Amino acid sequence: MATSITPAREDSPEAGELVATTKGRYNVLTRYDRRVLMLMVGIPLLLDIVFIWWPTLSSILLSFTNYNGVGEVGWNNFIGLKNYQFMFSGYTLFWPAFLHNVIWLAWLAFIATPLGILFAVLLDRDIRGVGFYQSVFFLPVVLSLVIVGFIWELQFSPTEGFINNVLQRTSSTNIIDWLGNPRINLYAILIAATWRHVGYIMVIYLAGLKSVDPTLREAAKVDGANEIQIFFRVVFPVMAPINIVVVVITSIEALRAFDIAFIINQGKNGLELLSILITNNSISEASLVGFGSAIAVILLLISLVPIVIFLSRVMRTR
Amino acid sequence: MTRSRDPRGEKIVLPGTTIELPLDLDLTRRDVLKIAGYGSLAAFLAACGGGTATTTTSVTAKGGSMSLGSYLSDAVPKKGLQDVVDAFTKANGGTKVKVNTVDHGTYQNQINSYLQGTPEDVFTWFSGHRMRFFADKGLAAPIDDVWNEVKGNFTEGFANSVKGNDGHVYAIPTSYYPWAIFYRKDVFQQHSYNIPTNWDDFKKLAEQMKKDGLTPIAFADKDGWPAMGTFDILNLRMNGYDFHTELCVGKQKWTDSRVANVFKKWSEITPYYSPAFAGLTWQEAAKQLLQKKAGMYLLGLFVSEQFVASGNPDDLAQLDFFPFPDLGTNYDSEKALDAPIDVFMMAKKSPTLSADSGQAKAFLEFMSKGSTQITFWKASPGAIPTAKDADQSQYPALTKKAAQIVSGAKRITQFFDRDSRPDFSGPNSMQGFLLSYLANPKQDTSSLQGKMQSFWDSLPPE
């Protein structure tokens, strides 16, 4: 392959045509290297286009149609912005679902995630049986959200469930309808989601805490800081990279919330979420593919916010 | 309901026959869009395969093979179908039947892409609007030739239920079950309750049951669809069959004052419902009836499954039902009720149908026999055979009575989600609307009705 022995500099026009420098070092790419590189970049790029960009663009395109899943999409399917118009003005479930996603995010951000961090901090020290506690809190993370949904459905069942029976709230006058009352059922399933989310955050945070230089803490202690000050003034700032990961995980979990609500009652009667509206409209027997896609596009736009924030931060630190 | 698009591009029709040859075997822009629409490989493969030419030469054939797609995924009916298939293989010269059983909910959700992809030759489905929908879309094959040979075995009601909008027959009805008010005979005896025949007596009885410490009317709507049963019967009996069916397909408005009346009437019995019903499944409410905690339950005959499952044969023996009480309207005499019919159909796009159509038709013919249906019923007694020549002498009293109440009805509907559009009956549409009504039955329903209508109006042409 090597056809020349001219010394190669990276900025030379021939760079890439050459194999070896006079010293025998390889510092530019050969054609073979380029082919390998093209394959290494090209295959993931192709997969990315086929499995991410193509469906995304198709969804955006379909969101302007009234396609119902039967036959082919034709020009007469295109109905302009009607789906969006209806979603924002006529469709009574869009804003409730949006609000539920926001509540979900707020709950995870202000209750579940801090709880996970708290457990991580508490379990990051030498107490007896620490492995046991960690396992207990981590156990729900191993379960899929579908299973979590099933478990909590049984706990929350009004007459046969564990919770109402323990609380002795099963008679007709004082029964608590955890899953059927649209005012409380969202919070009931948020408890279920928290049960799993706490363990997830705990493990990630615990791993981060292990990597914090112990001398920092000792120095803070010598300076007379108490435990709370040490955590907020020293450990927390040092953990910045992990904190970003936690923030991103929390927002992604809130945006992709789906499984538990769908298992409980297919996401109706107070459990509407954007992801569920997409599924029930486009993938179910209803087959309102166009309308479902329009909701999906909105969810995509919302999802872009945390993704862009995350990526811009990551790129800046690099 | 006109078809807005030709489902499969251009075709050549061979002169003097009904044989159609598809021209568009290559991928078009539309095909590509379609693939994007599904994101499924199955649709892609179907597009590559092109349409299937159907011939109508001889009606049935023996031997060979065929395939059958089934949503009978629960153990009990699944075994019933296997018994039937085994009997068919034996009777039809050893025809091999490949059964593809799919979880009931998944099957229903994916029916659209299933029928457009590579469906089996014969598939299980529902009659009514849901059957006509796929017939209109050209995804079901007409079976007039089979029907001509077996129609003597069905009443006119069944015959009407399997006709498409184009007048062709698309399905063989195989079983059905009525909706009625179920109760336990021993509970009624113990309290010496009488069967109510009119609305006032019905409410008085509910009041009495409340005093006796029972939940008067078991009700559960976590699943979303059970409430439709109550809406159906009230609308049928107050506003008549014609109004109800027209409402279901959008020819009447949801904002109509007659719909408001239904909700008003309904609110007279909601105080007697099971507490926390929006969080209960129908099985849990059935248990309330089974355990003598509740007095009555408006549900389909399948409520008996829970009584079978209790393991005590006396429970099933105590289960009985009475027809919905008269409301004192002009429509009482129609005695209309929900009696959903399950059917077997032929999938037009099945890649093997051209080769297997004789066997598939033989199977449909076999399914229309009383003896076949009894075989299925013995394994799975939750629904009643449709054939006239089914041996009714083996029926227990409850099944006999269920058959009677349906044959006495002048008008039969298929249940809301089978009579209406699927996109209107889903969890985020009608089911959700009814749940928000039930959360506060005393509300002024005009704004809710407005939401229903505007949702209907937003739906694309079917």
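User: How many salt bridges does the count give over all chains?
Analyst: This is a predicted model, in which local features need pLDDT of at least 70 and side-chain atom pairs count only at pLDDT 80 or more, while totals for chains, interfaces and linings use all residues. Residues are numbered from 1 along each chain as its sequence is written, chains are lettered from A and ligands numbered from 1 in the order in which they are written, and side-chain values use heavy atoms, with hydrogens and water left out. A salt bridge is a side-chain nitrogen of Lys or Arg within 4 Å of a carboxyl oxygen of Asp or Glu. Over all chains, the number of salt bridges by this rule is 17.

User: Which residue forms a salt bridge with B:R418, and in which strand does that partner lie?
Analyst: B:R418 and B:D342 meet through their side chains in a salt bridge of 3.2 Å, N to O. The pair links distant parts of the chain, 76 residues apart, with B:R418 in helix α19 (residues 416-419) of chain B. Helices (H or I, at least four residues) and strands (E, at least two) are DSSP runs, numbered from the N terminus. The partner is B:D342, in strand β12 (residues 341-346) of chain B.

User: How far apart in sequence are the parts that the pair of B:F231 and B:F416 ties together?
Analyst: Rings of Phe, Tyr and Trp (its six-membered ring) pair if their centres lie within 6.5 Å; planes under 30 degrees apart count as stacked, over 60 as edge-to-face and the rest as tilted. At 0% relative accessibility, B:F231 is buried, and B:F416 is also buried at 0%. Their ring centres lie 6.2 Å apart with planes at 80°, so the pair is edge-to-face. B:F231 lies in helix α11 (residues 226-248) of chain B and B:F416 in helix α19 of chain B, so the separation of these parts in sequence is 185 residues.

User: Over the face of which residue does B:R421 lie?
Analyst: B:R421 also meets B:D423 in a salt bridge (2.8 Å, N to O). A charge sits over a ring if NZ of Lys or CZ of Arg is within 6 Å of the ring centre and within 35 degrees of the ring normal. At 5.9 Å from the ring centre, B:R421 lies over the face of B:W456.

User: What is the area buried between chain B and chain A?
Analyst: Contact, meaning heavy atoms within 4.5 Å, takes 49 residues from chain B and 48 residues from chain A. Buried area is the accessible area (1.4 Å probe) that two parts lose on being put together, summed over both. Carbon and sulfur atoms give 56% of an area of about 4100 Å².

User: Which residue of chain B forms a salt bridge with A:E153?
Analyst: Between chain B and chain A the count is 3 salt bridges. In one that involves A:E153, the closest N and O atoms are 2.4 Å apart, and the partner is B:K222.

Note on methods: Buried means under 20% relative accessible area, exposed over 50%, partly exposed in between (1.4 Å probe, protein chains only).
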